[in-house]
Amino acid sequence: MSKRVIFGCIIWAMFAIWFGYDQSIKLLLSFSILVLFPLVTELTYREKEKRDWFITLQPLFSILGAGSLFIETASLSGTLAFCWLLFTCWVACIGIARASSRGFVRMEENAIDAAYVYMILGGFWLFLSQAGIEGLPFSPVIVLLTAVHFHYSSLIVPIVVGLVGRFAFRHNVQIRGYGLLAGLLMIGPLLVGIGITIGGLADFLFVGIYVFAMFWLAFETFRVLIKVREHPLARTLILTATLISVAAMVLSAFYSAGVSVGTVFITIDQMVLYHGYAQAFGYSFLILIGWAFIKPRPLYSFGQFRLSRLRGKWRVGDQFLKDTRILNKNETVDGLVESFTAFERANFSPIKVDPAIRNFYEQTNHYEMSATTRWHGIYDPLSRPYHWVTGKIGQLYLRAATKHPKPQRMEAVIYPIDETIEGRHPVRAWIRKDYETKEEIFVAFYAYYATKEKTYMDIALPLPYSVMTGILRPQHDESDGLILTSFREPGSLGDEGVYVTIGKWTIRVPIEEYFHVRATEDPGRLTAVHELHFFGLRCLTIDYEITCKLSKQL
């Protein structure tokens, strides 16, 4: 266990000794804030290399949140609870940032992120409980129990289903219907919270769905850990905790059934004693300790690629190059890459690509281009406002839709740049303008990088106070052409995608690119098709004619 968890245990033990069993509900809630939440971050939070203020400040905010429970003065108690609420907002932002950087793929990771997002609800209900707000339609006990619920079921269960998924998939153990299971357990705490709030039949129904999902999770946990016979102590702790959870769920079902029919099977005090303590210590603490011995890691570290430091202002274009002074006038380059062999990997062989295509990427300045833009479907009428806005910005400036699109001749030049300003290596600028009007069409900075399995083309496009990054994977077509795409390969993990970075927040946006370059029978002449998809629908197609200037002179 980390120092933060041990510190939380000591502080909680002091609260328990001082206030005793009479404050059972508050002790349970403070246990989650002081002990369980640090354990969760230890298992799932990727700490930054430099000082991480989230990790540094967590113990302080946990003390404030837990301390608010044991202070009688409403103003002070509410102030401390509000501090915890602010911290849970921070936690929720981390969950949203993680999920958006992946494009919300991988259900096991979505479940973990959901737990982070749910924390804001726990913080909100704790604040309502401690702020002394009058006129609420719920009794103080119900408000406090709802806070407990969102600090346990909403935090622990999504984390556990995420860790089970990580562990199973890393060991190639398939869980049938895992997406449905994770989805039920992600929305289950919210449904149960709603049921607790409104009571009646809804409470019984929602708890029933949640109990079913918990039994399903228990079954899959047993099945996975029996198949993967590793970490005997951890397996024992996790399986014991799972059995305790099943027993606690049965008690919960009896309590909800009694509330629904107006009969008391189990009192609130008994629920706190048996269900509450069983879930807190027998399940939550025990199962997190078990998983802490294993620490299942994500299948892939999404969003860890290099980001350009460049950010535009309201206008990009030529003015951006002047403002940043990024052009390196002491060097000359001709191509997007020095050598196309840089993309060599087990799944991609540059030698199989037509020599004329390779030459284009290595000697880009020796080619001239023209492009015909065609808009599709519902995006056709949107092309006009898009054309107006991007014209003002001087970036991604495409022609609006017309009945008979005409080719647009371009002036395209590769420039060397000062990489200490841009932040990546190797990187080169590719500036495209309209040949006749000299209006900027495209200001992009091309780099590439390699992982163990793949090499990617990494394209940064400065936007107003942000940057768009296209991570494209090279692949072969059926012949000797080249495909560059942001579509992820089915069943494969990778960085492919289009991302927008604002400040330190990087989001994988619902845009996909497909770029297909082919050589023709005419020497020095290439064709390319660039398709852009937005929310799964083809948005536009750009047809390029690419011609070598030297071939034309001959």
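The chat below goes through pockets, then cavities, then aromatic contacts.

Modeller: This is a predicted model, where local features need pLDDT of at least 70 and side-chain atom pairs count only at pLDDT 80 or more, while totals for chains, interfaces and linings use all residues. Residues are numbered from 1 along each chain as its sequence is written, and side-chain values use heavy atoms, with hydrogens and water left out.

Biologist: What volume does the largest pocket have?
Modeller: About 1400 Å³. On a 1 Å grid over the protein atoms alone, a pocket is an open set of points with protein on both sides within 12 Å along at least five of seven lines, a cavity is a set where a 1.4 Å probe fits but cannot get out, and lining residues have an atom within 4 Å of a point. Points are joined across faces, edges and corners, and a volume is the space filled by probe spheres set on them.

Biologist: Which residues are closest to its centre?
Modeller: Of the 28 lining residues, Arg46, Lys48, Gly303, Gln304 and Lys504 are the closest to the centre of the largest pocket. The elements giving two or more residues to this lining are α3 (53–67), α4 (74–102) and β9 (505–508), and α4 gives the most, with 6. Helices (H or I, at least four residues) and strands (E, at least two) are DSSP runs, numbered from the N terminus.

Biologist: How does that lining divide by class?
Modeller: Into 11 nonpolar, 6 polar and 11 charged residues. Nonpolar covers Ala, Val, Leu, Ile, Met, Phe, Trp, Tyr, Cys and Pro, charged covers Asp, Glu, Lys and Arg, and the others, Gly among them, are polar.

Biologist: And the second largest pocket, what lines it?
Modeller: It is lined by 41 residues, and those closest to its centre are Tyr386, Leu396, Met468, Glu513 and Leu532. The volume of the second largest pocket is about 900 Å³, and its lining has 33 nonpolar, 6 polar and 2 charged residues.

Biologist: Moving on, how many cavities of 30 Å³ or more are there?
Modeller: The search of the whole structure finds 2. The largest cavity holds about 70 Å³, and α8 (200–227), α9 (232–261) and α10 (268–294) each supply at least two residues of its lining. In that lining, 9 residues are nonpolar, 3 are polar and none is charged.

Biologist: What about the second largest cavity, which residues line it?
Modeller: Phe343, Arg345, Asn347, Phe348, Lys454, Thr455, Arg473 and Pro474. The second largest cavity has about 40 Å³ of space.

Biologist: How many aromatic pairs does the structure hold?
Modeller: It holds 37. Rings of Phe, Tyr and Trp (its six-membered ring) pair if their centres lie within 6.5 Å, with planes under 30 degrees apart counted as stacked, over 60 as edge-to-face and the rest as tilted. Phe15 and Phe70 are stacked, because their ring centres are 4.8 Å apart and their planes are at 25°.

Biologist: Where do those two sit?
Modeller: Phe15 is in helix α1 (residues 3–19) and Phe70 in the loop between α3 and α4, 55 residues apart. Both Phe15 and Phe70 are buried (under 20% relative accessible area; exposed is over 50%, partly exposed in between, with a 1.4 Å probe and protein chains only).

Biologist: Why is the pair of Trp375 and Tyr386 called edge-to-face?
Modeller: Because the planes of Trp375 and Tyr386 are at 65°, with ring centres 5.5 Å apart. Trp375 is buried at 11% relative accessible area, whereas Tyr386 is partly exposed at 28%.
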